[in-house]
Amino acid sequence: MTTYQEFIQQNEDRDGVRFSWNLWPSSRLEATRLVVPVSCLFTPLKERPNLPPVQYEPVLCSRANCKAVLNPLCQVDFRAKIWACNFCFQRNPFPPSYAGISDVNQPAELMPQFSTIEYIVQRGPAAPLIFLYVVDTCLEEEDLQALKESLQMSLSLLPPNALVGLITFGRMVQVHELSCEGIAKSYVFRGTKDLTAKQIQEMLGLTKPAVAGQQGRPLAPQDAAATCKFLQPVHRVDMNLTDLLGELQRDPWPVPQGKRPLRSTGVALSVAVGLLEGTFPNTGARVMLFIGGPPTQGPGMVVGDELKTPIRSWHDIQKDNARHLKKATKYYEALANRSATNGHSIDIYACALDQTGLLEMKCLSNLTGGHIVMGDSFNTSLFKQTFQRVFSKDYNGDFRMAFGGVLEVKTSRELKVCGAIGPCVSLNSKSPCVSENELGIGGTSQWKVCGLNPSTTLGIYFEVVNQHNAPVPQGGRGAVQFVTQYQHSNTQRRIRVTTIARNWADAQSQIQHIESSFDQEAAAVLMARLGVFRAESEEGPDVLRWLDRQLIRLFMFHLRRSPFLQVFNNSPDESSYYRHHFVRQDLTQSLIMIQPILYSYSFHGPPEPVLLDSSSILPDRILLMDTFFQLVIYHGETIAQWRKAGYQEMAEYENFKQLLQAPLDDAQEILQTRFPMPRYIDTEHGGSQARFLLSKVNPSQTHNNLYAWGQETGAPILTDDVSLQVFMDHLKKLAVSSSA
Amino acid sequence: MNVNQHTPMASPYGQPQPGYGQPGYAPLDGSYPAPYAPYNGPASAYQPGAPPQGPARGPPTSGPPPVSAPQQYNQYSQSQGSMQNGPPPPTQAPPRPAVSQPYNQGAMNLSGPHPSYPQHYGPPSTMQQVTNQMTGMQITSGPPTAAGPGYAPPHSSQPPVSTGYSAAAQASYTQAPPPVSSAPTQPPPPSGPAAPQQYYSGPPPSSQQPFNSSLPPTSQQQQQFTSSVTPQPPPQQTLPPSSYSGPVPPQSQPPVPPVSQAQQSFPTPQPPFSSAPPPVSQSSFATGPPPSAQGSFPPQGPPPSSQPGSFPPPGPPLTSAPFSQYPGPMPPQQQPPPSQPSPYHSGQHPPRPQMPPTSMAQSNHLPPGPQGPPGPPGPLQQPPSQPGMQTGYPPQQNGAFGQVRGPQPGYSAPYPGQPNYGAPAPAPPAQKRLDPDAIPSPIQVIEDDKAKTTEPFTTGVRGQAPPLVTTNFQVQDQGNASPRFIRCTAYNMPCTADMAKQSQVPLAAVIKPLATLPPDEPPPLVVDHGESGPIRCNRCKAYMCPYMQFIEGGRRFQCGFCSCVTEVPPHYFQHLDHTGKRVDCYDRAELSLGSYEFLATVDYCKNNKLPQPPAFIFLIDVSYNAVKSGMVNIVCQELKTLLDCLPRENPEAESAVRVGFVTYNKVLHFYNVKSSLAQPQMMVVSDVSDMFVPLLDGFLVNVNESRQVIESLLDQIPEMFADTRETETVFGPVIQAGLEALKAADCAGKLFVFHTSLPIAEAPGKLKNREDKKLIGTDKEKSLFQPQVGFYSSLAKECVAQGCCVDLFLFPNQYVDVATLGVVPVSTGGSVYKYTYFQAQSDQERFLNDLRRDVQKLVGFDAVMRVRTSTGIRATDFFGSFYMSNTTDVELAGLDCDKAITVEFKHDDKLSEETGALMQCAVLYTSCSGQRRLRIHNMAVNCCSQLADLYRNCETDTIINYFSKYAFRGILSNPTKAVRETLVNQCAQILACYRKNCASPSSAGQLILPECMKLLPVYLNCVLKSDVLLPGADVSLDDRAYLRQLISCMDVAETHVFFYPRLLPVMKLESGSLPVAVRDSEERLSKGGVYLLETGLHLFLWVGASVQQELLLNIFGTPSFSQIDSNMTSLPVLDNPISQALRELIYSFRAQRSRYMKLMVVKQEDRAELIFRHFLVEDKSASGGASYVDFLCHMHKEIRQLLS
């Protein structure tokens, strides 16, 4: 065995799993003392180019409340054709198709390198992917035009058999019929009325087939698909829809002076959810919501249409001054839950200069695994490219998206699952391995993740339940199995099974081992997720205090300052946006979010990462900062002057040109892969946009930092925030004084 | 009419007996006082009872009658006395007793009481006849039976006269009158000459004659008695003789036969009257009379003409005679008119307020007419007029009157009598029963009015009744609103509530504020009073009008309505001339005209904001039925061209009206037809439970700007729904949608809803099929006319608030619950059109014409109408298509040129004769170009303290309009039967009151009708028989509800033709002239004829079975009766004068009506003839409606009951 570092890396590469502890304390008491719970970050659909799916179904443990999947950890009696479940120890016969099994002829799932394996299930008809565009028409003409173009473009990215639908809304909500010839037809709903799913379906005429069915002509799902006028295969309505989008007008209702346009986002979503619910329940579908402002009427209203009433801020929320907040949140949560139940995910693409109500609507995406993208305008490359990236494809030419995922966690007896944090909802499955203590979304061993992509990562928290007086036998291993069922973007149903095991260790005798098995990064992210999860539901200062009481490491300094926990200077929408992404990205990305990366480019050497500190800001450097959401290129004072002087244009300063180009290239590389597209900022010393950098670095030099003030060693930051140094000093004192 | 009557009356009366003549005249002229006075002097008795009848007819005939006469004479004399007494209380009282006694004696013969009655009757009858003639009263002997009793009571009831009267009355009642009347009437003509002579020769004889006449009546009366009395068969028996004598006397012997007839008829009549007997009576009546009638008819037919002829003779002599003799008396009478009200009153009063009036009334009728104050001229005029009248009227009167009573035994007799004039022969036939020709003929009345109206009608004279609606005339606005805008039931309103109550004549006005004027009459001028708005009275807010009296040199004006004095604003100041008029009086419409418009200021606008131009929204049902019937296609095709014809005020300019389109079945489809679109866009709204408008910009568009998109839409709608299988529809949400659209656009407008079926889809306003024929005739029947759900009423309220008028076009194949669906249209001033079993081919033309007219017609929106009246009366009730949120403001979301509103007035104080009664109807509305305006109509009518004046100056057509609306609304809350009874009762009371108070005393057996109301029974019968009040088995509930709503906004002309359809013989058509209509009875149809019948809703061409081939060829292009296609809806275009003229005629008919009438060709004996017969309203109807004759008898009975 190699170092833990390598072990961790290997595990991550193979299974997409990173545990906070790679040796598990063997009793509940010891585990509690470790502060950071046994937990892991799990990326269910981690891209595994070298893992071809097997074309058969998994073999399950026959015990009703176990149903674990046959895995390499199981003991197998090849002769008796019997295998023992390593979770419940049930002995199971192999199914007839495994008759030829032997020592030398083992199925893939028994091979150790297939601790993660993917099955293709041939059950039920293949359902097409569904994309339902829900478009706000209360946009500026330019924005709307850009959005229309993006949408038209997206049609070409969709597989021909995918179903598309279009709902537009402003003061009213229009569901466009796509199959009709001649006159463009749409069904209209008033934007102020909360309708039940049944009403919506009736109004859309979706209940008729059922009636017909009752009359003795049962309809096959294909018929249902054919009869749904609102969702049609791309190849059939491509032209039609392109025209329709082209003719899309701005909301025709006049907006009086001093008013916001009336936006019925709530009803539009309700209709979208109701439409899918009625036509394609339990089928992979994306509702893609494009909004250019906050919902201003009807259910889900976030702010009134009076411009003189500003949209709620954190200040208002803390003062309990946000009138619509609770109601709207509740409304969207209900919608999100319905949508999640049916396996449909909801994306929100919000492009506006002001807030658009993401705080209230975030649950739509959070609970259904949808994306949230926030931008200033639909007419920016940030949106355009992000949107395009939604439809990016993997090495197989399939979309990097999956639908209707159900993640089930099974644990061996000493371990129970406390909960999960990520873009998922509980399925309320009370299996024996569910802990009574909840961390995150708990009380279940199954979660639904309606929208998945290869980077979707959940934090899963466990609890050691083994009592101190019942030691685990020496060399015993604890095991966890993750079973993820989902609909692949090529419409196949698949099941991916990951089974991992870790050794138990006695904390008293093997504390050193346990300590060395600690995965600092994973633990940081996992704890951060807990913090964010709490921040969503608790007061900010409380969360920080809680965090402070927990383990402290360097990055916590940045975490405290991050927008995930710190709402100062962030609108509620922005906070929601940041948190949304934080709880779903994989470990690397999460770390970037917590502690932005700062690269330095200079003539003094090759590009190098430097401390995220104000001392790193030097005149002769170009800095590239990646905070995940922003990508900032900062030209030092000198560099900026040179650039202004045009040296890079001169042949003799070719090297300068290359220096300037280097960060751009690196940034491009990041931009290529990042989803959503970060805000790309190219600035320089003294530039207004430099604030993005200055707000992130450790303010080691400030206006009241005497010894550094005015010196050449860096750029002072005008802030009252404490620097890392001060923070550490306090911390040390605290750690010593109250060793609790 | 009066005049005519008078003339005949006058002459005969005058001559025969001063009293008679006077009475007659008096009534006519209103010169009663004078006549009375004289009469009173000479023979008060005469005036009342015998005078009219006796003198006119009686005398002459009576001459012969003498046979019976003796006794009668005595009686008569007595009776006369009594009769007179009756009217003139003082004298009468004494005489009566005496008379009564004598009568009794006389009666003794017949029957105790009867005798007396007969006598009375006799006189009355004569009186009646006379009166009829004179006043336009109609005496029907037939009914008399009924009348007899009725009369008696009244008389008796009346203290003074009563005793005598009652007794006499009964006697005289029917029998007497009939015979007498018949005899008299008829005799008159013939006798006229003679009689006059006699009269002339000597009053005494006349008096005797009267007696004679009275005698005959008596006989009749007896008969009547029997009938009326039912109790006493003996009387009848006795009567016969008496009657014989009666008739004999009047008409000479001819009467005798009548008498016998009378007897026969009596029995029959009695039955009808009496409950049990009715059948018999009816049968006898019907059967009996018809024959007799027919028999008599021929004579009658001629009679009219002949009569005139005959009359004239009498007339002249009479006139001359009367004058000569009467000069004294007559003048007085006539003079009275001159003396006018005051004299009248005074004169009358002295005698006896009531009685005199009555007599006055009769005579007054004419007198009133007497505008000419001067005594001499008056008389002269009268006589002349009378003659003239006679010529025209005689026929009617004679015929009518004679017939009136004559119908029954008496009638026949009378007729015969008339014929007698020409030729005695008729008399005999008449015997059998009531002769239809003897009863008042609507046609005659109409034709006479036409003949009379030769000059434009000027509105300057207060209280002048305009020509009938059936007459073409020109109007000159001289300070009162044209009758095209306002027609009143009475142009002489009673001064007090008591009088009004006593008479029971409804005081109402039918107002058609935006009526279309003929091209030769200028539209109301528009007056602009500047930024401060129209000048109004400070207190009652009446608008400046000719009734405002300027005082203090013009600095202030006194309101004619409330007498409040208001400052004249400086900018409006003008000096007064020496008469107190403003110098600029004739320069300003509001000071000199009856109708004009004010420009309203922003203060008169909703929300103090000038209105937007209105919008038209077309909402088309596209469910299976609608598509299949072809309706959708037709509408869409038509709209393409129709949209160019939207209403506009300036024909040059583009219409400001915007349009929008919606189709619907269970859900609604709105269309975006914005001009910038290449294709229209459809927006489906399925949330019908909570309707809203999905778009604003692009929904209501200017036609010219969006023409291409609209045309594309209209092309595609039929295609899109060609294969629909949706059969369910909604309705409430459809109107809500339109309403919401108008709300969103912040404008008023009109919805055109094209709808096919009962809205059973789940939505607000959902209905269920509740048609239950079992309820018909029960107390629950009313529920069928009430809306099924309350939803539409509240919706209507919202619509009105927004100025959203709804026009509903229905294309039902089955029950659609018009009663409920019509709520919104009716409450918003809209119209309902119904095309049952619509089929594109046969109904397209009708539908399209209606649609075109409906879209194009001038319409005002968001209207509020307020009727202000002078102190003493106020508008208390309103009928029509509108909504009222308080008791005074009539709110109309839309008001078009075809909508009329009937307003009822009640007294809340006394009116004065000097000032009369004023009313001002102000309608605030938004014109189709979006201009806010006030249309003002002013109307002043006279006031009277004498009932006679009231009866002399009212308009039956308008009364019927009121009655029908009153009744049709009544069935919402009362059992239909009760409503019918109420109508009959009120009508009976009106006539009884007249009889009691205005008619000169005469046989109680006579039916005396005011000249102005002599058609009241026939028209009322038509109302009672209408499908709404008396449905046949094949009349659907929807039809009834539809008609009910339709009538509610009809004007007088429309109700007239609706209830009494126009039936024209078209065998000898000549281009440019209209043939004289015939009465609506099968008897009038000749097998060899072709007739055109129009009701305003239907148009029939009835073809007799034995029409000449040539005529068929000319009209249908086929010589064979059997080859006529009874499905044709338009006549073939043939190049011959007949075809041309007929098609022109049909065209002109259609042009006159607000709804297109589909032509139905009905072949005699064909099955479809049943439908046609339904409109022959003088006949018995299949649903049990009485024939005219029967109803008249019934009415007579009712009246007699009231009088007893």
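User: Before I start, what should I know about the numbering and the model?

Analyst: Residues are numbered from 1 along each chain as its sequence is written, and chains are lettered from A and ligands numbered from 1 in the order in which they are written. This is a predicted model, where local features need pLDDT of at least 70, side-chain atom pairs count only at pLDDT 80 or more, and totals for chains, interfaces and linings use all residues; side-chain values use heavy atoms, with hydrogens and water left out.

User: What average pLDDT does chain A have?

Analyst: pLDDT is the predictor's confidence in each residue, from 0 to 100. Chain A averages 85, and 92% of its residues score at least 70. Over residues 209-223 of chain A, though, the pLDDT is below 50, and this stretch has four contacts in the model beyond near neighbours in sequence. Contact means heavy atoms within 4.5 Å.

User: How many helices and strands does chain B have?

Analyst: Helices (H or I, at least four residues) and strands (E, at least two) are DSSP runs, numbered from the N terminus. Chain B comes to 51 helices and 27 strands. Of its 1204 residues, 68% are buried. Buried means under 20% relative accessible area, exposed over 50%, and partly exposed in between (1.4 Å probe, protein chains only).

User: Which strands pair with strand 15 of chain B?

Analyst: Two strands pair if DSSP finds at least two bridges between them. Strand 11 (residues 615-621) of chain B pairs with strand 15 in the parallel sense over six bridges; there, F616(B) has K750(B) as its bridge partner. Strand 16 (residues 804-810) of chain B also runs parallel to strand 15, over seven bridges, and G749(B) is bridged to C804(B). Between strands 15 and 16 of chain B the chain passes through helix 38 (residues 791-802), in a right-handed β-α-β crossover. Right-handed here means that, with the strands pointing away from the viewer, the path from the first strand over the helix to the second runs clockwise.

User: Is strand 15 of chain B mostly covered or uncovered?

Analyst: Strand 15 (residues 749-755) is mostly covered, with seven of its seven residues buried. G749(B), L751(B), V753(B) and H755(B) point one way, while K750(B), F752(B) and F754(B) point the other.

User: How do I read a helix, and where is the kink in helix 20 of chain A?

Analyst: An α-helix has 3.6 residues a turn, so residues three or four places apart point the same way. Among the buried residues of helix 20 (residues 654-673) of chain A are F656(A), L659(A), L660(A) and P663(A). The kink, of about 25°, lies at Q661(A), shortly before the proline P663(A). Such a bend is the angle between axes fitted to the seven residues ending at a residue and the seven starting there.

User: What joins F675(A) and P676(A)?

Analyst: A cis peptide bond joins F675(A) and P676(A), with omega about -5°. P676(A) sits in the loop between helix 20 and strand 27 of chain A.

User: Is S270(A) buried or exposed, and what about Y837(B)?

Analyst: S270(A), in helix 8 (residues 265-279) of chain A, is buried because its relative accessible area is 2%. Its contacts, leaving aside neighbours within four places in sequence, include L195(A) and Y331(A). Y837(B) counts as exposed because its relative accessibility is 55%. Y837(B) also has a positive phi of about 50° although it is not a glycine.
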